[in-house]
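Here are some quick notes for a first look. Have the model open beside you while you read.

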Amino acid sequence: MTEFVIRAITDKPVTVVESAGEILTELKRQGNNLNQAVRNYYCDIDTRTELNSCARKLKELYAALIAATNGKNNAAS
């Protein structure tokens, strides 16, 4: 929210992503999955497949975010 306000008051471009809610929900799910997999790894539970699956899904979500913002890096300067 802070970044949005800064961009709005400094006349920097603000990108609105219509499907952001779906992407963010899935990103949160995958973040939770990754946290669980890492926790299992430290408890010596074999999680190689789970970690690979999480990494693959996070890469897909990252690509979706890039596509949704038309490949623009909108980080605050």
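Which helix is the place of Ala67?

1. Ala67 sits in helix H3. Helices here are DSSP runs of H or I with at least four residues, strands are runs of E with at least two, and both are numbered from the N terminus. Bear in mind that this is a predicted model, where local features need pLDDT of at least 70 and side-chain atom pairs count only at pLDDT 80 or more, while totals for chains, interfaces and linings use all residues. Residues are numbered from 1 along each chain as its sequence is written, and side-chain values use heavy atoms, with hydrogens and water left out.

2. Is Ala67 buried or exposed? Its relative accessibility is 55%, so Ala67 counts as exposed (buried is under 20% relative accessible area, exposed over 50%, partly exposed in between, with a 1.4 Å probe and protein chains only). Ala67 and Val17 are 50 residues apart in sequence, yet their C-alpha atoms lie 10.0 Å apart in space.

3. Now zoom out to the chain. It has three helices and zero strands, in the order α-α-α from the N terminus. Of its 77 residues, 12% count as buried.

4. Next, the helix pair. The axes of H2 (residues 20-42) and H3 (residues 48-68) come within 9 Å and cross at roughly 155 degrees; axes are lines fitted to C-alpha atoms over the stretch in contact, with angles from 0 to 180 degrees between N-to-C directions. H2 and H3 are therefore roughly antiparallel to each other, a label for angles over 145 degrees.

5. Who makes the contact (heavy atoms within 4.5 Å)? From H2, the residues include Ile23, Leu27, Leu34 and Val38, and from H3 they include Leu51, Cys54, Leu58 and Leu61. The residues of this contact divide into 12 nonpolar, three polar and three charged. Nonpolar covers Ala, Val, Leu, Ile, Met, Phe, Trp, Tyr, Cys and Pro; charged covers Asp, Glu, Lys and Arg; the others, Gly among them, are polar.

Conventions: Angles under 35 degrees count as roughly parallel, over 145 as roughly antiparallel, 65 to 115 as roughly perpendicular and the rest as oblique. Contact means heavy atoms within 4.5 Å.
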